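Dear colleague,

Please find below the structure that I am handing over to you. My notes on its aromatic residues follow.

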Amino acid sequence: TYLYLKLGRSDDYMRYLVLQEQEAESEKKLSDFKTMITQLSAKLVEQPEALPKWYLLAKSYLALGEYDKAADTFYRMTRFIPQDHADYAAIKGHYAQALFLAAGETITPAVTAAVDSALALDPEESSALTLKGVQAYDQREYRQAIDYWRRAERKASPDQIERFLEPAIASATEALGGAPETTPQVSKVAVTPAASIPVRLNLDP
């Protein structure tokens with residue numbers, strides 16, 4: 001066939017077939033994942049105050065890159081839990097992150113308001129501090145950015161520290177003329193680590 005002639009040797013053709021199979025499997029997983037998200041969303045109509053499921057739904061939207069839906073979900077969570085709830089500040093921080101991503105990685109007035117709200121409740125809220133660092137970095141206030149990111153590390157996950165905070169701190173350190181601590185490659189998208197759809201949805205009550 002033309003395809004075989006184009007690819008050349010048979011082992012090249014076999015690799016092509018394997019890649020095609022993997023792509024089809026990935027598309028099926030994505031379709032199944034979206035179906036489960038729809039089911040989860042419907043279940044929350046029956047259980048409107050099931051906080052862990054709301055959190056899972058918001059994180060699932062982030063995994064799909066549907067940042068507007070993620071932001072809306074986090075916002076709805078803040079409407080039914082009291083401000084003195086242990087997770088309220090963290091949810092506000094996640095809300096700010098989702099708004100940031102939905103706005104094309106821009107610190108908008110809405111992002112700033114959500115960040116300030118989170119930090120007013122918990123001065124060490126890591127998501128909000130991370131965004132404060134991004135804003136300071138963009139304004140070339142590198143020492144301030146480093147300070148925010150160091151504070152964010154106190155409550156951040158190990159993955160967040162490794163994938164964003166430490167590289168970001170290294171980049172700011174290099175910008176100040178110091179020796180970088182790690183490879184200084186910073187992507188603001190890493191503020192919310194990308195997901196490859198490995199999220200496990202549990203729809204049980």
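In these notes, buried means under 20% relative accessible area, exposed means over 50%, and partly exposed lies in between, for a 1.4 Å probe and protein chains only. The model is predicted: local features need pLDDT of at least 70, side-chain atom pairs count only at pLDDT 80 or more, and totals for chains, interfaces and linings use all residues. Residues are numbered from 1 along each chain as its sequence is written, and side-chain values use heavy atoms, with hydrogens and water left out.

Tyr137 is partly exposed, at 23% relative accessible area. By contrast, Trp149 is buried at 1%, and Phe164 is buried at 2%.

Rings of Phe, Tyr and Trp (its six-membered ring) are paired if their centres lie within 6.5 Å; planes under 30 degrees apart are stacked, over 60 edge-to-face, and the rest tilted. The structure contains 6 aromatic pairs. In one of them, the ring centres of Tyr137 and Trp149 are 5.9 Å apart with planes at 40°, so this pair is tilted. It links helix α7 (residues 126-138) to helix α8 (residues 142-152) across 12 residues; helices (H or I, at least four residues) are DSSP runs numbered from the N terminus.

Trp149 also pairs edge-to-face with Phe164, at 5.8 Å between centres and 85° between planes. Here helix α8 is linked to helix α9 (residues 158-175), the two residues being 15 apart.

Yours sincerely
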